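Please look over the sequence and the model shown here before reading on. The report that follows is meant to be read beside them.

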Amino acid sequence: MLLPNFNYHKPKTLTEVYNLLDTHNNVGLMAGGTDLLVEMKMGRKLENVVSLNMVSELNEISEDTDFVFIGPTVTFRQIQDSPIIQKYIPHLIDTVSKIGSPQIRNTGTVGGNVCTCASCSDSAPTLIAYNSEVEISSSTGIRRINLTDLQLFHRKTSISKREVLSKIIIPKPKPNFTANFQKFGLRESASISVGSVAVGLWIENSQIADANIVVGACAPTPIKCNSAMQLIINAKLSDLQKDSILLNEIAEATASDTNPIDDIRGSADYRKDIIKTITKRAILNSINDFNQ
Amino acid sequence: MKQIVNINVNGLDYEVAIRTGATLLDLLRDELKLTGTKRGCDHGDCGACTVLMNGKAVNSCLVLALEADGQKIETIEGVAKGEELHAIQQAFVEKGAIQCGFCTPGMIMRVKSLLNDNPEPTLDDLKTGLSGNLCRCTGYVKIFEAVETAVDYLKGKPRKEIEYQPQKSAIDLSVVGKRLPKLDAPDKATGRAIYTDDISFPNMLFGKTLLSPHAHAKILSINTEKAKALPGVKHIITGADVPDITYGTSPARYDENILAKDKVRYVGDVIAAVAAVDEETCYKALKLIEIEYEILPAVFDPFEAMAEGAPRLFEDKYPNNINTHVDHHFGDIDKGFAEADHIREERFVGNRTYQSPLEPHCAIAEWDRHGRVTLHTSTQVVHYVHHQLSRILDIPLGDIRVIMTNVGGGFGAKAATNILEVLSIFLAKKTGQAVKMRFSREEMYLYGRGRHKQFIDLKIGVKKDGEITAVKQKVVLEGGAYSSFGVVTTYYAGSMLATLYKFPNYKYDGYRVNTNLPPSGAFRGHGVPHPRFAFESLLDMIAKDLNLDPVEIRLKNAMEPNYHTCNDLDINSCELTSCIESVREKSGWKDKKGKLPYGRGIGIGCGGFVSGAGYPIYRSQFPHSNAIIKVQEDGSKVVLFIGDADIGQGSDTVLAQAAAEALGISFDRISVVSADSDLTPIGFGAYSSRVTLMGGNASKMAGEQVRDKLLVKASQMMGIEKEKISVKNNRFFITTNPETFISWEQVATEYFSESGPLIGAGHYSPPKGLGGTYKGAAVGTSPAYSFSASVCEVEVDFETGKVKVLNFWDAHDCGTAINPLNVEGQVDGAAVMGMSETLFENEVFDKSGRMLNPDLHNYLIATSADTPEINSTIVDSFEPAGPYGAKEVGEGASLPILGAIANAIEDAVGVRIKELPITPEKILKAIKEKNHNY
């Protein structure tokens with residue numbers, strides 16, 4: 001359907017954004033617009049659209065000693081091309097290259113992907129596997145929360161209507177960190193995830209010192225699979241082999257930590273089967289990467 | 001709420017006042033009139049609207065016009081330098097990478113940006129890099145070839161001539177049999193080709209339809225007062241304002257009202273139409289129309305619909321909602337099964353698929369002051385639209401002009417008169433202004449007319465050696481709410497099984513059942529792909545039971561030339577055996593079948609189709625195809641006027657080749673005007689794979705008529721009997737002494753000077769009396785039949801069930817390929833579409849009959865990334881009924897694919913999936929069940 005009209009705002013600074021948020025109701029914040037415009041074409045009504053694309057401070061990729069910062073309007077393509085991301089968070093590049101089509105990646109943003117907060121979001125599981133946080137700002141201040149605390153439910157975040165996501169904050173991984181992202185879609189490209197798994201492992205002395213196992217598209221939000229994580233923490237790498245008992249147990253636990261639904265892309269049971277398989281692949285691939 | 005945008009497009013600065021809700025696509029198309037950028041889905045799924053923004057490819061439908069303020073935009077119109085095509089455009093034209101052309105501008109823009117980033121892409125880079133640009137025609141293969149060629153051109157490498165071994169039947173021909181680029185390709189490559197939605201008239205209004213939100217309901221009242229009061233609304237019509245006439249596709253089942261009269265029968269049934277100054281106002285007005293419904297119980301499953309006591313869609317007809325019943329028995333089925341050594345019966349289930357052409361339907365109607373109406377429309381069948389409009393409007397054909405613009409693909413979705421065509425005319429009449437109506441992507445799905453989902457019980461009996469003794473098939477077709485093509489579909493589902501393999505005894509029962517879903521219609525292969533999938537699957541199962549090679553069992557039963565089938569169809573040319581042998585050889589079948597590692601497999605399927613229906617949809621005695629050739633007074637050029645429709649398949653080019661060959665001129669001297677009811681004599685249009693044979697014969701005949709007139713003149717001029725003169729390559733020459741010649745122009749000029757207009761006319765009707773005398777014998781008749789075989793190799797991820805098709809080896813008997821480049825394009829496109837339907841596509845509805853995936857985000861079709869390698873062969877063949885021996889390729893090539901994939905999957909992982917689409921979930925479930933049983 002046709003995109004309806006709205007009041008269009010194009011602030012240049014964060015302060016202007018705060019001002020707009022404080023003085024207007026029914027506001028949609030727009031980064032790339034690849035989700036928002038489709039939603040509006042399908043009937044979502046917004047009186048005000050605030051474009052964040054002229055706010056240069058929201059379009060930066062930067063770093064300090066401990067963290068990498070990604071602005072919310074940074075496109076997937078910018079991530080793919082960024083030397084900082086390539087250096088510190090290479091798995092995010094692999095992850096975003098599996099999102100949408102090249103055209104979508106040229107306009108779609110990681111901030112938008114996180115804030116649209118679709119359960120099938122592909123960037124969130126990897127970001128969570130890296131223990132990412134987000135910075136949320138408003139005229140009254142700045143707060144910093146875990147990404148897992150941002151995403152409350154399918155299409156619902158904890159950002160209030162006077163706030164804006166201002167940074168995605170990713171801890172620079174230590175040398176003992178390895179990760180992998182597995183996406184399962186129904187065609188080779190430009191498909192929505194039936195299920196996805198991001199694994200982050202911290203390895204010490206051939207043992208898993210700490211771990212994140214995050215599943216996408218199988219619950220109202222991407223979720224950390226706690227019982228699976230408990231199983232893998234302290235596991236010896238030698239016990240994590242293809243078809244090993246422990247690996248199977250972890251895969252089973254991951255699947256049972258999820259709460260998928262039946263939809264046009266697959267049944268809940270099938271999703272659990274997929275999760276088991278791709279969890280194993282993600283773990284083995286990340287260990288394999290670590291060993292090389 | 002307009003704002004100013006300053007934008008640089010193709011190097012020019014524009015300052016435009018635009019509404020806030022406008023996208024960059026709206027700005028380019030509607031404000032700047034740069035209509036080369038296409039609107040395909042409006043949701044960022046198809047890529048047809050791709051432009052470059054600051055050098056990066058973006059979907060312009062997902063960029064606000066206001067966000068493009070201050071940006072640098074490049075569109076297809078800026079790619080060529082004057083008349084000089086860009087290397088990418090040149091390569092697309094030469095390599096046959098353009099069919100309907102609707103994806104082409106976006107595709108070329110994407111390629112341009114891809115090559116900027118990566119000047120020497122690998123094939124894999126292309127497959128993933130182009131996956132945001134859907135193409136429904138080409139199967140992407142020729143697009144990859146074109147990009148590879150473009151890379152060479154950009155590096156300054158010269159053009160490589162392709163070495164091509166012509167078919168035996170084309171060796172002595174000079175225009176037919178040549179790999180010529182399509183006539184319309186340069187216009188499509190530059191964005192100049194005009195599609196209906198690219199046209200706007202002064203003072204033009206827009207129209208939109210109000211669709212039923214309910215699957216089955218009585219309309220108690222409609223109140224349009226509030227809507228009419230909305231500023232900008234010009235007119236609103238409801239069922240009460242249109243004639244009390246039903247229409248449809250097949251005269252035996254005209255059962256659709258122009259607008260719902262008393263009740264609605266599916267979510268999407270059309271209730272009212274609004275004309276207003278713009279689409280925005282139309283949408284607002286639609287929301288103000290108040291309707292009171294009484295919800296009726298609905299039925300969505302054909303078996304439930306047939307049961308006693310089920311809700312009836314039509315009270316006055318179709319008892320038990322059975323819209324069509326076919327009961328055919330040929331030979332003696334009992335005797336046939338009694339003779340069999342082995343009998344197997346299985347249930348197969350098809351899927352509900354949609355043609356998904358890249359271009360949404362669009363129509364523009366305008367009346368003149370003399371009571372004549374002109375309709376520009378995106379149709380496959382100008383003539384049928386013309387006829388139907390005359391019936392509905394009750395005015396003579398001569399007062400209606402139907403003009404087909406370029407059409408962005410059809411595949412059956414545009415093969416009948418559609419609601420936009422009818423309503424735009426009514427609204428234009430009432431308002432006295434031109435009215436444009438177009439479907440959104442969602443409306444296309446809701447309007448439906450895609451493939452019937454079929455439930456097939458198939459039983460085959462064979463001798464020990466695999467010889468088929470009897471076939472019994474019962475098919476239940478999910479018809480949706482109205483008949484559309486369904487009567488014909490039901491007959492085709494039965495009749496076409498008998499054209500591929502020889503069997504003497506056959507029983508077919510077909511039931512087409514109405515349900516409260518969008519109507520099912522005709523989609524490439526019309527009714528046949530699901531039965532063919534069932535047959536090819538069951539044949540493999542039987543071969544396995546008997547320990548026979550699947551290739552051998554096909555060769556054993558393969559159709560042969562000059563055969564009269566058990567259901568009274570006459571096969572002329574038939575090279576099925578050489579097709580099968582060719583794919584066996586090229587695929588390395590003997591080294592692979594049953595020998596590949598677990599997870600990898602190979603399978604074969606065969607197919608074939610009519611080369612045009614033997615009888616028209618409604619009875620008339622008009623020739624099916626008609627052509628006029630008009631020669632310029634100086635003989636420099638000729639124009640072919642042909643009623644048949646080029647919807648991207650390339651028929652204008654093919655028909656021009658047939659005509660040029662007959663005329664004795666080179667291809668650069670002919671152009672084509674097609675599918676305009678005022679300018680061209682009737683042609684039944686592009687359906688049932690009829691155009692090459694029928695339009696080709698008419699064009700050839702028209703060419704021969706001109707040639708014969710000129711031979712008389714040349715004989716006078718050269719002073720030698722005309723029997724001793726030949727004509728070829730723009731020369732009339734003495735056959736025994738080719739160096740003694742006069743030019744074609746000289747003879748034509750002389751003729752015109754003496755006798756006036758030099759014109760030729762040709763027509764084609766299928767032979768009289770095709771087919772048997774039983775009820776329904778007409779469906780399946782054709783002057784000629786195509787044959788094909790395809791071997792498919794797949795890789796199955798046995799832990800997820802996901803299938804990757806690696807290769808197709810296809811061989812097609814299309815008689816003489818008039819244009820082998822086009823034939824390959826049809827085969828590639830059919831293979832990828834067939835693969836897409838087999839693995840991905842399915843329309844899904846919720847419990848209230850609402851479609852859950854009416855968009856290209858959730859209704860998945862194959863992308864470039866899914867495309868396998870395709871190796872296609874055109875076998876030597878000559879069809880006596882066809883022009884220069886030609887017959888069809890467009891639909892037949894899709895038929896072997898479904899079974900070939902199912903068979904390859906079985907070979908790979910040992911499970912037989914009998915229900916389409918073959919999803920990873922079904923495969924994994926079957927694997928688990930199989931492992932569990934061990």
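The text below goes through domains, contacts, a sheet, the core and some single residues.

This is a predicted model, in which local features need pLDDT of at least 70 and side-chain atom pairs count only at pLDDT 80 or more, while totals for chains, interfaces and linings use all residues. Residues are numbered from 1 along each chain as its sequence is written, and chains are lettered from A and ligands numbered from 1 in the order in which they are written.

**Domains of chain A**

Domain bounds come from an automatic or database domain assignment. Chain A is divided into domain 1 (7-51), domain 2 (60-171) and domain 3 (177-291). Between domain 1 of chain A and domain 2 of chain A, the C-alpha centres lie 18 Å apart. Two residues are in contact if their C-beta atoms, placed from the backbone, lie within 7 Å, and by this criterion twelve residues of domain 1 of chain A are in contact with 17 residues of domain 2 of chain A. On the domain 1 side, the elements giving two or more residues are helix H1 (14-23) and strand E2 (27-30) of chain A, and H1(A) gives the most, with five residues. Helices (H or I, at least four residues) and strands (E, at least two) are DSSP runs, numbered from the N terminus. The residues of this side of domain 1 of chain A divide into seven nonpolar, three polar and two charged; here Ala, Val, Leu, Ile, Met, Phe, Trp, Tyr, Cys and Pro count as nonpolar, Asp, Glu, Lys and Arg as charged, and the others, Gly among them, as polar.

**Domains of chain B and the contact between chains**

Chain B is divided into domain 1 (2-78), domain 2 (87-193), domain 3 (198-296 + 361-438), domain 4 (525-609 + 785-933) and domain 5 (625-764). The C-alpha centres of domain 2 of chain B and domain 4 of chain B are separated by 25 Å, and their contact takes 26 residues from domain 2 and 26 residues from domain 4. On the domain 2 side, helix H4 (123-129) and helix H5 (141-154) of chain B are the elements that give two or more residues, with the largest share, three residues, coming from H4(B).

The contact between the chains takes 35 residues from chain A and 42 residues from chain B. On the side of chain A, helix H2 (36-41), helix H6 (102-107) and helix H12 (268-291) of chain A each give two or more residues, and H6(A) gives the most, with five residues. The table compares the classes of residue on three of these sides.

| Domain 1 of chain A, touching domain 2 of chain A | seven residues | three residues | two residues |

**A sheet in chain A**

An open sheet of five strands in chain A has the order E4-E5-E10-E6-E7, with antiparallel pairing, where two strands pair if DSSP finds at least two bridges between them. Strand E4 (61-63) and strand E7 (141-146) of chain A are the edge strands, each pairing on one side only. Strand E6 (residues 133-138) of chain A and E7(A) pair in the antiparallel sense over six bridges, and Glu135(A) stands opposite Arg144(A) in E7(A).

**Core and single residues**

A residue is buried if 20 or more other C-beta atoms lie within 10 Å of its own, exposed if 12 or fewer, and partly exposed in between, with C-beta atoms placed from the backbone. A nonpolar core is a set of buried Ala, Val, Leu, Ile, Met, Phe, Trp, Tyr and Cys residues joined through C-beta atoms within 7 Å. The largest such core has 382 residues, and those with the most contacts inside it include Leu576(B) and Ile901(B). Not counting residues up to four places away in sequence, Leu576(B) touches Leu500(B), Phe787(B) and Asp813(B), among others.Two residues other than glycine have a positive phi: it is near 80° in Asn234(A) and near 60° in Phe411(B). Asn234(A) lies in the loop between helix H10 (226-232) and helix H11 (245-257) of chain A and is exposed because 11 other C-beta atoms lie within 10 Å. Phe411(B), in the loop between strand E18 (400-404) and helix H12 (419-431) of chain B, counts as buried because it has 31 C-beta neighbours inside 10 Å. A cis peptide bond, with omega about -10°, joins Leu916(B) and Pro917(B).
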